[in-house]
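Please examine the model shown below.

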Amino acid sequence: MSFSDSETSSHGGEYKNFKQISRDRLLHEMLRTSDSGDSRSSWKVLIMDKVTVKVMSSTCKMADITDQGISLVEDLFRRRQPLPTMDAIYYIQPSKENVVMFLSDMSGREPLYRKAYVYFSSPIPKDLVARIKNDTSVIPRIGALGEMNFEYFPIDSQGFVTDHERALGELFGESAQNSRRAEASLNVIATRISTVFASLKEFPFVRYRAAKGQDESTATNFRELVPGKLATAIWNNISMYKSSIPNYPQKETCELLILDRSVDQIAPVIHEWTYDAMCHDLLDMDGNKYVHEVPSKTGGPPEKKEVLLEDQDPVWLELRHTHIADASERLHDRFTNFVSKNKAAQMEQRDGSELSTRDLQKMVQALPQYNEQKERLSTHVEIAGELNKIIRETGLRELGQLEQDLVFGDAGTKEVINYLRSKQDTSGENKLRLMMIYASVYPEKFEGDKAAKLMQLAKLSPEDMKAVKNMRMLEGSEKRKPSGSFSLKFDSQKKGNAARKDRTGEEETWQLFRFYPVIEELVDKMCKGSLSKDDYQCLNNSQKATREVNGSSARNVPPKATTESTNPRSVRSRRTPNWARSRTSDDGYSSDSNLRSFSTDFKNMGQRIFVFIIGGATRSELRVCHKLTAKLRREVVLGTTSLDDPPQYITKLKLLSEKEIAVDPGLGI
């Protein structure tokens, strides 16, 4: 199988981020390579299966695809019209069913297409290659036959999923032990992760969270072994890449850290106060799609309009990782400034006074840009207003304060009981999330019949109690004892237990922004070379694997950059509510100037760091990867089986105790 040499390799030339490289590979290495000349000299058909169409749609826009001469996108398994004068590009998984369908399209006297350019999303077995070569009528009609090794789903400029929504249940649930389904799921996940490194031409140091038994041989619980099993499968795939992919690195170029969801059971349920996380937590969104009502242009009833909150929206890109209070204030200032400077907006605000010809000319000139900017800003002002309304009506401020006080050891049982007794109108979901945080920090309070009494006080149902009880299943063996600074409880110097330590020496910013996911500390330690080699073992045999790799980057690594400002932040305006006022923390996105200087300084980036979380990741963890990229000057890419918001995660956690979990046919298993 052939593999085209990427011009977007991370080992030289212009630096491109993870998603840019992914996009360029599909557009330039696959779609453009079938051109005979100009991309529009002859239109082509793109044929994909259920998985690859999701890969393509998560990576590229339709306009990107048509720009490469694609006039029609087809489903491999749907009946298709013959187009014998056009070439076809097949981007498919290397399965027997897919190969049979492809051969059926192109064999015989009258093939569906003139020529076929076939690209497989992952390595193809030798028996399927032989099957293709044995069809003598098809061979002359094949313009290219290769492995793209691209079977992951970018969700962000620095994030991807393997699209395994049921991984938590399949790998950590009741039915996981000695399950063929669990082993099959792990193999598919490993294959998809491996194609990330094939695409980026990266050869990683593979580290994983080790089982906590006496040693690996005595850890018989399947759940404990999942990170190690996944690491081994990825390592085996990458070892084959070294000999099968031209120009693949023979020495380590990056780091991969494999974790499972048990490493941090607080991050998926605590209320995260950034604009992005709150939109997905508190609003009824469908993925990145937000639906709201706008006035009808014809004067009728309000119309529903869909808005995509994604990277193409510069306002969203700037605000998504900021505190909701900061986002609200910035939007207010931005909108006020926009109206004061925009001619069309000023004209619109005049109360029926007669407009001069000159005024009308200025208004017409400003109108197209004015409408677009006004609509975008208005949408975000509306969203922020809706979020603040929910925060007020649900009393989320007080709950959020208690959650963070619990995590940092500033609150305990007394405060939780007082809250449950005085705030009985709190929603069941919010009380459940509080109980899950409490269980993570004070697991001993849930032993025996204590849990039932707490649930009775919170007025939670037996179904809700499953979520709390099943948290223990993620910890693996009953004998498993947390060790090191990343255990559920490691600091008893405060009021009680604590799952996090306050960070010192960081920029002053918003209250209720103290919380940070465990991966922030893990990645920081790994970058410094101080991450425990016993708890996080490395598969690479080289002696280099035991030392810090940041000093031997394939790219030049600058001295550690300082992203924190030495000057205190300006005093907030009176619009800022008391609960949002400053506190020691750092969001990594404190000013527009920080963003601008960072975006133009990619050429000084060091080796990439990949973190993969089995069982689902959170938006706070994705945010941290962006923050650490700016702080460490190393692109930190987050991978996971799925990106979960709190309601999704809680539902999955409840299902862990189910004996059988249905398989999603879309997972490719």
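Q: At roughly what angle do the axes of helix 18 and helix 23 cross?
A: In this predicted model, helix 18 covers residues 462-469 and helix 23 covers residues 646-654. Their axes come within 8 Å of each other, and they cross at roughly 90°.

Q: How is helix 18 oriented relative to helix 23?
A: A pair of packed helices is described by the angle between the two axes and by the distance between them. Angles of 65 to 115 degrees count as roughly perpendicular. The axes of helix 18 and helix 23 cross at roughly 90°, so helix 18 is roughly perpendicular to helix 23.

Q: How many charged residues does the contact of helix 18 with helix 23 have?
A: From helix 18, the residues Glu463, Asp464, Lys466 and Ala467 take part, and they meet Ile650, Leu653 and Lys654 in helix 23. By class, this contact has 3 nonpolar residues and no polar ones, while the number of charged residues is 4.

Q: Is Met465 buried or exposed?
A: Met465 is found in helix 18. A residue counts as buried when its relative accessible area is under 20%. The relative accessible area of Met465 is 15%, and therefore Met465 is buried.

Q: Leaving aside its neighbours within four places in sequence, which residues is Met465 in contact with?
A: Contact means heavy atoms within 4.5 Å. With neighbours within four places in sequence left aside, the residues in contact with Met465 are Ala452 and Met455.

Q: How far apart in space are Met465 and Ala451, C-alpha to C-alpha?
A: In sequence, Met465 and Ala451 are 14 residues apart. In space, the C-alpha to C-alpha distance between Met465 and Ala451 is 8.4 Å.

Q: How is helix 1 oriented relative to helix 2?
A: The axes of helix 1 (residues 18-31) and helix 2 (residues 50-59) come within 10 Å and cross at roughly 120°. That angle makes the orientation of helix 1 to helix 2 oblique.

Q: Which residues in helix 2 does helix 1 meet?
A: Helix 1 passes helix 2 in a left-handed crossing. On the side of helix 1, the residues are Lys19, Ser22, Arg23, Leu26 and Met30; in helix 2 they meet Met56, Ser58 and Thr59.

Q: What percentage of the residues of the protein count as buried?
A: The secondary structure of the protein comes to 23 helices and 16 strands. The protein exposes about 29800 Å², of which carbon and sulfur atoms supply 48%. Of its 669 residues, the share that counts as buried is 56%.

How values were computed: Residues numbered from 1 in each chain as written. Predicted model: local features only at pLDDT ≥ 70, side-chain atom pairs only at ≥ 80, totals over all residues. Heavy atoms only, no water. Axes fitted to C-alpha atoms, helices over the stretch in contact; angles between N-to-C directions. Helix = DSSP H or I, 4+ residues; strand = E, 2+ residues; numbered from the N terminus. Parallel < 35°, antiparallel > 145°, perpendicular 65-115°, else oblique. Left-handed = near helix turned anticlockwise from the far one by under 90°. Buried < 20%, exposed > 50% of the residue type's maximum accessible area, 1.4 Å probe, protein only. Areas by Shrake-Rupley, 256 points an atom, 1.4 Å probe, with all protein chains shown as cover. Nonpolar A, V, L, I, M, F, W, Y, C, P; charged D, E, K, R; others polar.
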